[in-house]
Amino acid sequence: MNVRLPYSRKKRYLTGIDWVIAALDRMSRRATGGSNASQIVLELNGPFDAQRFARAMTEFAGLFPVLNGRSTRDWNLAPYWRMPRRSAEGGVRIAMEDAAPEGVWPALERNVNASFEQSGEHLSFRVVREGPNRTWVAMRFNHLIFDAPGAESFLDLFQRQQSGEDIGDRLRAIRLTEPAHLSEWKRKFDGGRLLVRMLRAFAGTKLAVFSRPSDLRGRPSRFRMAAFGEAETAAVIERAYGEAGYLMFMPYTLSAAIQAFGGAFQAKGGGGAADIIASVSIDLRTPDTVAANLFFNHVSFLLFRVPLSAMADRRRLLETVRGQMYDQVKSGFPRALAESSLLMRIVPLPLLGRLLLMPLKGEFATFGFSAVGKGGYASRRFMEADVTNLFHMPLVPVPPGLGFVVNRYAGRMNAVVSYVDGMFTEEEAARLEADVRRGL
Amino acid sequence: MENAAIRSVEERLVKEIAAILCKDPAAIKLDTPLPALGLDSMGFVELLVVIEKTFNLRLMESGLTREDFETLRALAARIGKGLQA
């Protein structure tokens, strides 16, 4: 098919993946009231002038009216991001508080679960002080505007500016337009055929899915984090390379997550012939191209299916995960998914949300998984303070309302479990965290 | 395998990895460790798929030892061995 519809070269048309992310945002809002949001947390050591940060960040964010945009449809029906000419009055919202006696974690959980206050707000900050030399900066963002590496890259650009670097070239390199992709239809339909084949293979799966509370409305997400020091992280990487193979860090950590969640599922009385299905987001950019493509979503997905019966044998599990990853990459599935999702943009968001859940009869996966790669936040400093750790706290759309994200920063590693409140008791969540740590 | 044949494998690998990483082939050095080039699990699997398509060698089941895969030079030697077998 050679039909080529005209479009504006000055607009940022949404990709199919952006549209799917928007559908997940809508699903989240309807299910729990929360957005499809996440936050990056910087743990800082040393003096930190929160007021100076607020002024500097407000000025910096003001350079990007894209942060206050919203999606709408063009005359050719392709959705695009309508950007205001100027940033919102009042700038980015930055709240500050002192840590409560119960610690910082509840404040961080509250922050990521809070609603964005007005339409067109997709980014906000909270600074939590825990004494004169210990501060936590949480950047909360809606996935409509950033994926995880893009959000890190935004903070990285801010820090470069603060450290005196001339960021002019970097600002000019940021891509704020995207073609409408209203041509090369055959490639999109071919991608669609591959996607349908993959989904057909999943049809009839008895999915291992954790039960969620019936009253989801207003339920926050909760988080558990297993943080690894430098020596522990080096040991994990060595184990990954030894057991799963050189550079097989992602399959290794995914296998650990599958074992931990599978164990939790069985401990809660689930079992039989069910399969764990993990939806794994992967970055379509290379580390060198993240900075120029920091806004919007540049991810695709891999799907892994592992029978509960295959979990106990770690070696077999690793082979299964590696094999499925290889087969999907070889078949071109991630690119095909990104390509074919462009066709879905014609579907209104409410309908798309329902379509996404059709293959697995109202479910999406057992859990979502993400290994945030390099190419994001590079500095060891933030403003005048040392960064001792950086980690991610994503709200996972419901369903499944359960996710696992692993990231590495400055030689350290963090594994974070995100779940909708009520899916696990405190005791079960603590056991899950311990299982994650043991499995890595 | 002859040196010329190994050099040809190395050149092909440089070209393929430059395409995977969106880099100038001139920036790819044969003795740089693959992670330092910017390769992660996903990029590495993409490289293994290219190797299967180009050299008809499926290395995913080979154990993926650091010794064989640490640099492009080591990988070219591993492919050379595979092609001789």
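Strand β13 (residues 402-409) of chain A is joined by 8 bridges to strand β14 (residues 412-420) of chain A, and the two run antiparallel. Strands here are DSSP runs of E with at least two residues, helices are runs of H or I with at least four, and both are numbered from the N terminus. Strands count as paired if DSSP finds at least two bridges between them. Within this pair, A:Gly403 stands opposite A:Ser418 of β14(A).

The model is predicted: local features need pLDDT of at least 70 and side-chain atom pairs count only at pLDDT 80 or more, while totals for chains, interfaces and linings use all residues. Residues are numbered from 1 along each chain as its sequence is written, and chains are lettered from A and ligands numbered from 1 in the order in which they are written.

The two strands belong to an open sheet of 6 strands in chain A. Its order is β7-β14-β13-β10-β8-β9, with mixed pairing. The edge strands are β7 (221-228) and β9 (299-307) of chain A, each of which pairs on one side only. On average, neighbouring strands of the sheet are turned by 20 degrees against each other, direction ignored. Helix α12 (residues 426-439) of chain A packs on the sheet and touches β7 and β14 of chain A. The direction of α12 makes about 30 degrees with that of β7(A). Axes are lines fitted to C-alpha atoms, for helices over the stretch in contact, and angles run from 0 to 180 degrees between N-to-C directions.

Helix α10 (residues 333-340) of chain A is largely enclosed by the rest of the structure, because 7 of its 8 residues are buried. A residue is buried if 20 or more other C-beta atoms, placed from the backbone, lie within 10 Å of its own; it is exposed with 12 or fewer and partly exposed in between. Among the buried residues of α10(A) are A:Phe333, A:Leu337 and A:Glu339. The buried residues of this helix pack against α1, α6 (185-202), β8 (275-283), β9 and α9 of chain A.

Chain A is assigned domain 1 (16-173) and domain 2 (185-374 + 396-439). These bounds come from an automatic or database domain assignment. The C-alpha centres of the two domains lie 24 Å apart. Across the boundary, 33 residues of domain 1 of chain A are in contact with 36 residues of domain 2 of chain A. Contact requires C-beta atoms, placed from the backbone, within 7 Å. On the domain 1 side, α1 (16-31), α3 (105-113), α4 (148-162) and α5 (168-173) of chain A each supply at least two residues. The largest share, 13 residues, comes from α1(A). By class, this side has 19 nonpolar, 9 polar and 5 charged residues. Ala, Val, Leu, Ile, Met, Phe, Trp, Tyr, Cys and Pro count as nonpolar, Asp, Glu, Lys and Arg as charged, and the others, Gly among them, as polar.

Chain B has 5 helices and 0 strands. With 85 residues, a compact globule would have a radius of gyration near 12 Å, and chain B agrees at 12 Å. The radius is taken over C-alpha atoms, and the globule rule is 2.2 Å times the number of residues to the power 0.38. The C-alpha trace of chain B spans about 30 × 25 × 20 Å along its principal axes. Of its 85 residues, 29% count as buried.

Between the chains, 19 residues of chain A are in contact with 21 residues of chain B. On the chain A side, α8 (249-267) and α9 (314-331) are the elements that give two or more residues. The largest share, 5 residues, comes from α9(A). This side has 12 nonpolar, 4 polar and 3 charged residues.

Notes. Two residues are in contact if their C-beta atoms, placed from the backbone, lie within 7 Å.
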